[in-house]
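Subject: Structure handover

Hello,

Here is the structure I said I would pass on. Please open it before reading further, and keep it in view while you go through the notes.

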Amino acid sequence: MERISTIHEINDLINKKEITYKEVTNAYIHRIESVEEKVQSLLKFMPEEALKKAEEADESGNTLSPLNGIPYGLKDNICTEGYETTCASKILYNFVPPYSAAVAENLNASGAILLGKTNMDEFAMGSSNENSSVKKTFNPWDISRVPGGSSGGSAASVAAEEVVFSLGSDTGGSIRQPASFCGVVGLKPTYGLVSRYGLIAFASSLDQIGPITKDVTDCAIVLNTIAGHDKRDSTSVSMEKKDYTTFLNREIKGMKIGIAREYFAEGLNSQVESLLKEAIKTYRDMGAEIVETSLPYSKYALSAYYIISSAEASSNLARYDGIRYGYRTEEFDNLLDLYKKTRSEGFGEEVKRRIMLGTYALSSGYYDAYYKKALQVRTLIKEDFDNAFKSCDVLLSPTCPTTAFKIGEKSANPLEMYLSDIYTVPVNIAGIPAISVPCGFDREGLPVGMQLTGRAFGENDILKAAYAFEQATDFHKKRAVI
Amino acid sequence: MKLTKEDVKYVADLARLEFTNEEIDRYVHQLTDILEYEEQLNELDTSNVAPTAHVLPIHNVFREDVVTPSLDREKALMNAPEQDKGCFKVPKVIE
């Protein structure tokens with residue numbers, strides 16, 4: 001059982017009848033029992049339910065779906081009917097959703113087995129998992145470091161081999177940054193490709209659910225299952241389904257890979273930079289054409305992002321009032337007092353800071369100066385990408401300016417923490433897809449991620465480029481030792 | 001843009017939040033820092049740029065106007081901190 005760890009490897013063994021689904025699930029349950037104490041990636045662990053489903057999978061003998069019998073984790077902002085979904089927030093500590101998210105339904109129908117709900121920064125606001133109101137998650141490569149965020153539990157659980165794959169959500173880099181810090185593959189799909197029905201909203205015009213996996217093949221397999229139109233999400237796009245696994249081949253000769261000069265400028269860690277340069281060389285050796293390009297407005301993306309995402313969050317989080325679900329304060333004088341005490345006691349510090357920023361940006365007298373301005377800059381950033389994609393098929397950049405930082409290192413200064421997302425937020429602002437794949441290790445053995453960004457609905461291009469790179473290297477095969 | 005304590009208290013009231021004096025001082029400082037960082041957006045002349053609220057070219061999404069079942073009352077109420085006779089119970093609103 002040692003070392004088999006991807007969806008496609010498990011399927012090979014199942015097809016050869018060398019292993020049963022129950023053995024697979026049992027192996028992951030044992031793994032969780034032995035490493036979870038150190039990693040702390042899970043908020044909920046469901047071994048009994050998982051084993052029962054695994055036995056059913058063995059009995060039915062159905063091997064039609066590649067996800068049948070595969071144990072996985074779900075970020076705790078994705079609703080699961082009958083099982084607590086808390087967003088790692090005190091305000092939802094007891095919330096049991098009356099329905100499941102579309103992605104949870106899709107995975108369930110595919111036969112995949114939910115093994116746990118994963119830790120996160122409260123309401124997906126954060127880049128380190130230190131904002132979880134429940135506990136901190138630790139990076140499996142070095143437990144003195146953060147796993148990244150906000151889908152830190154999802155990335156750490158895959159890196160620690162506690163689950164085969166997981167789903168996260170990405171509003172400004174929350175799938176890709178932790179994937180980069182934990183040495184796994186993370187994809188943020190095009191806005192509208194995956195239904196957000198049942199995803200607890202942070203910033204609705206930016207949020208998107210995506211897979212975190214061990215390799216690119218698994219990423220394509222999971223994307224096949226979760227992508228598609230859903231009438232319950234009016235921003236979900238109706239288009240012909242693609243089989244993303246058909247784009248996985250090494251033939252990338254002539255593919256145009258763009259390098260934006262702004263992404264290799266000040267603030268980028270020199271070890272990260274040199275590994276990225278190696279990656280560019282790998283692509284050149286494979287016959288790809290390297291094209292220099294420019295995203296002149298990208299330096300304004302973070303400013304625009306914090307206004308837009310906080311404004312949307314302040315509106316979305318107005319629903320937590322202690323009336324219909326979640327936490328309610330114990331003592332209050334009247335309705336207004338109930339609202340204020342419930343919200344002030346129920347939300348953590350970062351969430352309140354963003355509600356405050358967003359409320360301010362939307363308030364009378366400041367709306368034009370901040371919110372409208374940020375939406376105008378959003379247009380410029382989107383046009384930047386449109387222009388860049390006239391001369392290339394995918395853009396290559398670092399996922400993050402650094403490797404995983406120490407726990408506590410950035411928690412005192414919110415602005416410094418925000419800078420961790422500098423390469424990932426422009427992608428959400430433009431609504432386009434991007435994937436983070438491992439591209440090496442720094443001198444301390446910490447993983448470094450490379451981000452490949454594509455045109456809207458160009459998941460096939462970035463998966464193809466990522467797969468070719470993965471086949472030419474073996475960074476994805478190295479495992480964290482816990 | 002330097003915020004004052006009064007600004008922070010006003011915004012907190014709009015957001016239905018309340019803070020201690022120390023928290024207000026901290027927010028004055030942190031939100032001022034963030035808004036100063038936001039000042040860089042003013043380097044850009046956007047007078048002729050249309051705002052993008054949404055990246056997709058999807059506008060109104062209509063469905064057939066037919067009645068379909070929605071969430072059961074029981075399920076809708078299952079998480080309520082307080083309920084009474086099949087309704088959410090709230091403190092008295094009108095004196």
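This is a predicted model: local features need pLDDT of at least 70, side-chain atom pairs count only at pLDDT 80 or more; totals for chains, interfaces and linings use all residues.

Chain A contains 15 helices and 11 strands. Its radius of gyration is 21 Å, close to the 23 Å that the globule rule gives for 482 residues, so chain A is as compact as a globular protein of that length. A box of roughly 65 × 55 × 45 Å, taken along the principal axes, holds its C-alpha atoms. Of the 482 residues in chain A, 61% are buried. If you take the contacts in chain A with a separation of 6 or more, 77% of them involve residues 24 or more positions apart.

Chain B has three helices and two strands. Read from the N terminus, their order is α-α-α-β-β. The radius of gyration of chain B is 23 Å, whereas a compact globule of 95 residues would have one near 12 Å. The C-alpha trace of chain B spans about 55 × 45 × 25 Å along its principal axes. Buried residues make up 14% of the 95 residues in chain B.

**Where the chains meet**

**Helix H12 of chain A**

H12(A) has 22 residues, which should span 32 Å at 1.5 Å a residue; the C-alpha atoms at its ends are 31 Å apart, so the two values agree. Where in H12(A) is the kink centred? The kink is centred on Lys373(A) and comes to about 30 degrees.

Lys373(A) counts as buried because 24 other C-beta atoms lie within 10 Å, and the cut-off for buried is 20 or more. Beyond its neighbours within four places in sequence, Lys373(A) is in contact with Leu41(B) and Thr46(B). Within chain A, Lys373(A) and Ile307(A) are 66 residues apart in sequence, and their C-alpha atoms are 9.3 Å apart in space.

**Strands S5, S10 and S11 of chain A**

Strand S10 (residues 434-441) of chain A has eight residues, and seven of them are buried, so S10(A) is largely enclosed by the rest of the structure. S10(A) runs antiparallel to strand S5 (residues 185-188) of chain A, and three bridges join the two. S10(A) also pairs with strand S11 (residues 447-454) of chain A in the antiparallel sense, over six bridges.

You can follow both pairings from Ser436(A) in S10(A). Gly186(A) stands opposite Ser436(A), and in S11(A) the bridge partner of Ser436(A) is Gln451(A). S10(A) and S11(A) form a hairpin with five residues between them. In the turn, Gly445(A) has a positive phi of about 80 degrees.

**Helix H7 of chain A**

Is helix H7 (residues 216-226) of chain A largely enclosed or largely open? 10 of its 11 residues are buried, so H7(A) is largely enclosed by the rest of the structure. Among the buried residues are Val216(A), Asp218(A), Cys219(A), Leu223(A) and Ile226(A). Gly228(A) follows H7(A) and has a positive phi, near 140 degrees.

**Backbone points to look at**

- The peptide bond from Gly149(A) to Ser150(A) is cis, with omega near 10 degrees. Ser150(A) is in the loop between strand S3 (113-118) and helix H5 (152-159) of chain A.
- Ala124(A) lies in the loop between S3 and H5 of chain A. Its phi is positive, near 65 degrees, although Ala124(A) is not a glycine. Ala124(A) counts as buried, with 30 C-beta neighbours inside 10 Å.
- Phe457(A), in the loop between S11 and helix H15 (459-472) of chain A, is a residue other than glycine with a positive phi of about 60 degrees. With 19 C-beta neighbours inside 10 Å, Phe457(A) counts as partly exposed.

Regards

How values were computed
Residues are numbered from 1 along each chain as its sequence is written. Chains are lettered from A and ligands numbered from 1 in the order in which they are written. A residue is buried if 20 or more other C-beta atoms lie within 10 Å of its own, exposed if 12 or fewer, and partly exposed in between; C-beta atoms are placed from the backbone. Helices (H or I, at least four residues) and strands (E, at least two) are DSSP runs, numbered from the N terminus. Two strands pair if DSSP finds at least two bridges between them. The expected span of a helix is 1.5 Å times one less than its number of residues. The bend at a residue is the angle between axes fitted to the seven residues ending there and the seven starting there. The radius of gyration is taken over C-alpha atoms; the globule rule is 2.2 Å times the number of residues to the power 0.38. Two residues are in contact if their C-beta atoms, placed from the backbone, lie within 7 Å.
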